[in-house]
Amino acid sequence: MNTWCGTMTPTIQSRLSAMTLHFTTNANRTYKGFKLQYYATTEYYHCGTNLTAKTSPQFLTTPGYPNMYQNEARCRWIIAAPGENKVQMRVIHSNIETQLFCRHDWARVLDGNSLTSPKLGTFCGFRTPSYNSTGRYLLIEFHSDSTRTFKGFKIQYTTEADKSSAHSLTYNLVLLIILYMSL
């Protein structure tokens with residue numbers, strides 16, 4: 001179950017053919033309320049976005065985490081590092097349906113920004129692997145089937161300090177020293 005308030009505008013998709021909405025208010029003040037749009041679909045639940053890695057840790061979770069993820073989810077996140085930096089990621093928590101070879105629900109990590117990029121690994125169950133990109137992109141794909149759902153995963157991702165600006169700073173410092181010594 002999820003909770004929203006204020007000006008939040010979530011998009012949700014039910015796991016089954018019905019959904020229940022509970023609206024709670026108090027007697028203190030009155031507001032406009034909310035407007036709800038809904039439609040029936042046979043589509044998979046799609047999620048994911050493009051993310052930028054920074055030197056400070058950032059986090060990515062399955063939809064609804066730490067609550068249960070959706071059935072029939074198809075999620076894809078592309079993490080890009082700035083410049084020519086690399087992406088480092090580690091799974092902090094994983095609770096994905098456990099099955100031999102991760103056949104039902106799984107997360108896959110690819111070394112690049114397309115589905116044809118080399119596979120770094122696949123995980124499910126309680127495994128918490130770490131992966132590093134060889135280029136500036138990592139693609140994380142999550143897939144769930146139509147049976148059981150679990151909490152999902154929480155991933156931490158970062159990049160190293162920008163090498164190009166560190167190199168440029170060193171170069172400028174050396175130039176300054178040379179100029180100073182020649183005076």
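Author: The following account takes the disulfides in turn.

The model is a predicted one. Two disulfides are counted in it. In general terms, a disulfide is a covalent bond between the sulfur atoms of two cysteines.

One of the disulfides joins Cys47 to Cys75, with an S to S distance of 1.6 Å. Cys47 belongs to strand 1 and Cys75 to strand 4, which spans residues 73-80, so the bond ties together parts that are 28 residues apart in sequence. Cys47 has a relative accessibility of 17% and therefore counts as buried, since buried means under 20%. Cys75 likewise counts as buried, because its relative accessibility is 2%.

The other disulfide joins Cys102 to Cys124, and here the S to S distance is 2.2 Å. The torsion about this S-S bond is about -80°, so the disulfide formed by Cys102 and Cys124 is left-handed. The pair links distant parts of the chain, 22 residues apart. Cys102 sits in the loop between strand 5 (87-95) and strand 6 (106-110), while Cys124 sits in the loop between strand 7 (119-123) and strand 8 (130-132). Both Cys102 and Cys124 are buried.

The overall pattern can also be stated briefly. When the bonded cysteines of the protein chain are numbered in sequence order, the pairing reads 1-2, 3-4.

Terms used
Residues are numbered from 1 along each chain as its sequence is written. This is a predicted model: local features need pLDDT of at least 70, side-chain atom pairs count only at pLDDT 80 or more; totals for chains, interfaces and linings use all residues. Side-chain values use heavy atoms; hydrogens and water are left out. A disulfide is a pair of cysteine sulfur atoms within 2.5 Å. Helices (H or I, at least four residues) and strands (E, at least two) are DSSP runs, numbered from the N terminus. Buried means under 20% relative accessible area, exposed over 50%, partly exposed in between (1.4 Å probe, protein chains only).
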